[in-house]
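Subject: Structure for you to look at

Hi,

Here is the structure I promised to pass on. Have a look at it first, and then read on for what turned up.

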Amino acid sequence: QVQLVESGGGLVQAGGSLRLSCAASGRTFSTYTMAWFRQAPGKEREFVAGISRSGDMTIHTNSVKGRFTISRDNAKNTVFLQMDSLKPEDTAVYYCNAISNFGNYSPVHSWGQGTQVTVSS
């Protein structure tokens, strides 16, 4: 069973930046398309960004395009989310997970504990 550990969240003012990391256990990390999700209070978890197995293809949801960038380091079993120009509406718990492909955002593994991002206005 792959374990996912997210980190890097915190409290930041609007317009600021954070870089999230997600470390995955096991030897199969490079075989998975990876993604970031987030869940705001009282809302369902939503897809934020995805990256192909080799890292050559990425996709970002419209609300974060131009502000967030997903990347990965297969040698370190880690996926990143660089978040710039943060807005209060970005406040949420952020999670990573593997997904089947860009057409299917269903999570493959159990969820980790997530990392809290709070953006103050």
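Predicted model: local features only at pLDDT ≥ 70, side-chain atom pairs only at ≥ 80, totals over all residues.

Let me start with Asn77, which touches Cys22, Ala23, Ala24, Ser25, Gly26 and Phe29, leaving aside residues up to four places away in sequence.

Asn77 sits in the loop between β7 and β8. A polar atom of its side chain lies 2.7 Å from the backbone oxygen of Gly26. The C-alpha atoms of Asn77 and Ala23 are 5.9 Å apart, although 54 residues separate the two along the chain.

β1 and β3 are antiparallel and joined by four bridges, and Leu4 stands opposite Ala24 in β3.

Then there is β9 (residues 92–101), which I'd look at next. Eight of its ten residues are buried, so this strand is largely enclosed by the rest of the structure. Here is how β9 pairs:

- With β4 (residues 33–39), β9 runs antiparallel over seven bridges; Phe37 has Tyr95 as its bridge partner in β9.
- With β11 (residues 115–120), the pairing is antiparallel over three bridges, and Tyr94 has Thr115 as its bridge partner in β11.
- With β10 (residues 104–107), there are two bridges, again in the antiparallel sense; Ile99 stands opposite Pro107 in β10, and a hairpin of two residues joins β9 to β10.

In soluble globular proteins, nonpolar side chains do tend to be buried together.

Which residues make up the aromatic cluster? Phe37, Phe47, Tyr95, Tyr105 and Trp111 form one. A search of the whole structure finds four aromatic pairs. In one of them, the ring centres of Phe37 and Trp111 are 5.2 Å apart and the planes stand at 85 degrees, so the pair is edge-to-face. This pair links distant parts of the chain, with Phe37 in strand β4 and Trp111 in the loop between β10 and β11, 74 residues apart. Phe37 counts as buried at 5% relative accessibility, whereas Trp111 counts as partly exposed at 30%.

Trp111 also pairs with Tyr95: their ring centres are 5.7 Å apart and their planes at 70 degrees, so this pair is edge-to-face as well. Because Tyr95 lies in strand β9 and Trp111 in the loop between β10 and β11, the pair ties together parts that are 16 residues apart in sequence. Tyr95 counts as buried, at 11% relative accessibility.

Over to you!

Cheers

Terms used
Residues numbered from 1 in each chain as written. Heavy atoms only, no water. Buried < 20%, exposed > 50% of the residue type's maximum accessible area, 1.4 Å probe, protein only. Pairing = 2+ DSSP bridges. Contact = heavy atoms within 4.5 Å. Polar contact = N/O pair within 3.5 Å; in protein donor to acceptor, adjacent residues only side chain to side chain. Phe/Tyr/Trp six-rings, centres within 6.5 Å; stacked < 30°, edge-to-face > 60°.
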